[in-house]
Amino acid sequence: MSACGCDASANELAANKRRRRTLRWVLAINGVMFVGVLGAGIWADSRALIADSADNLGDALTYALSLLVIGQSLRWRAGAALVKGGIQLLFGVLVVMSIIRGLLGAPDPIGAAIIATASVALVANLVCFVLLLKHRDEDVNMRSVWLCSRNDVLANAGVIVAGGLVAWFGSPWPDLVVASLIAAIFLQTAYGVIRDALAAWREGGRAADQGRLTTS
C-alpha cells in the first residue's frame, strides 16, 4: 500500500485538515480582537493600541489567505506568503503614518485602558501562538503565519509596558515609542517573509520545470 503513495497522501490530507482547523480558530480570534482593540485604541487615544489592532487585522487577512492555499503547490504557497509579506509591509507603513499624526497633534492616551485592553489581547494571542506552534516548521505558508502570531505576543507585551509608563509618567511618549517598535516589527517581518517566499517561489519554479521535462 505504501509503495503506491496512498499512505503519504492520506497523511497529507489529515495534516491539511488539522492546519485548516487551526487557521479557522486563529482567524476568528484575530477578527474579534481587531474590532475590540481598534475601538479601545480610538477611545483611549492610543497609537500603540491602534497599531496593535492593525496587527490583528493584518493577521486575520493572512490567516484567510493561508486557508486558501493549504494543499496547493509550492508556488501557490510561496505566492501567498509573498502577499502576506506585502500586507505586513503595508501595515508597517500605515502605523508609521499614524505615529507621525500623533507627533503633529497632542495625544492624551489613557494608561489604564491601554493596560487592560492589551492584557486581554495578550491572552488571546497566546492562545493563537500555542495553536500555531506545532505547525511552524511545516512549510513557508505556515511558518509565515506562526511569525505573525509571535509578533502579536511581543507587541501586546510592549503595549502593556507602554500603558504602565503612560500611567506612571502622564506622558504620551511611551505610547508613541512602543507604536514605533511595533511598526519596526512589521517591517522586519515583512522583509523576512518576502525573502523566504521569493526563495520558495524560485524553488517551486525549478520543480515545475523539472516536472515538465520529465513528462515531455
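A salt bridge is defined here as a side-chain nitrogen of Lys or Arg within 4 Å of a carboxyl oxygen of Asp or Glu. The structure is a predicted model, in which local features need pLDDT of at least 70 and side-chain atom pairs count only at pLDDT 80 or more, while totals for chains, interfaces and linings use all residues. Residues are numbered from 1 along each chain as its sequence is written, and side-chain values use heavy atoms, with hydrogens and water left out.

Under the salt-bridge rule, 2 salt bridges are counted. In one, arginine 195 pairs with aspartate 196, with 3.3 Å between the closest N and O atoms. Aspartate 45 is partly exposed at 25%, whereas arginine 47 is buried at 14%.

A surface patch of positive charge is formed by Lys17, Arg18, Arg21 and Lys134. Patches consist of residues with over 30% relative accessible area and no salt bridge, like charges being joined within 9 Å and nonpolar side chains (Val, Leu, Ile, Met, Phe, Trp, Tyr) within 5 Å. Lys and Arg count as positive and Asp and Glu as negative, with His and the chain ends not counted; the charge is placed at NZ of Lys, CZ of Arg, CG of Asp or CD of Glu. Lysine 134 is located in the loop between helix H4 (111-133) and helix H5 (140-169), helices being DSSP runs (H or I) of at least four residues, numbered from the N terminus. Lysine 134 is exposed, with a relative accessibility of 52%.

Technical notes
Accessible areas come from the Shrake-Rupley method with a 1.4 Å probe; for residues, only the protein chains shown count as cover. Helices (H or I, at least four residues) and strands (E, at least two) are DSSP runs, numbered from the N terminus. Buried means under 20% relative accessible area, exposed over 50%, partly exposed in between (1.4 Å probe, protein chains only).
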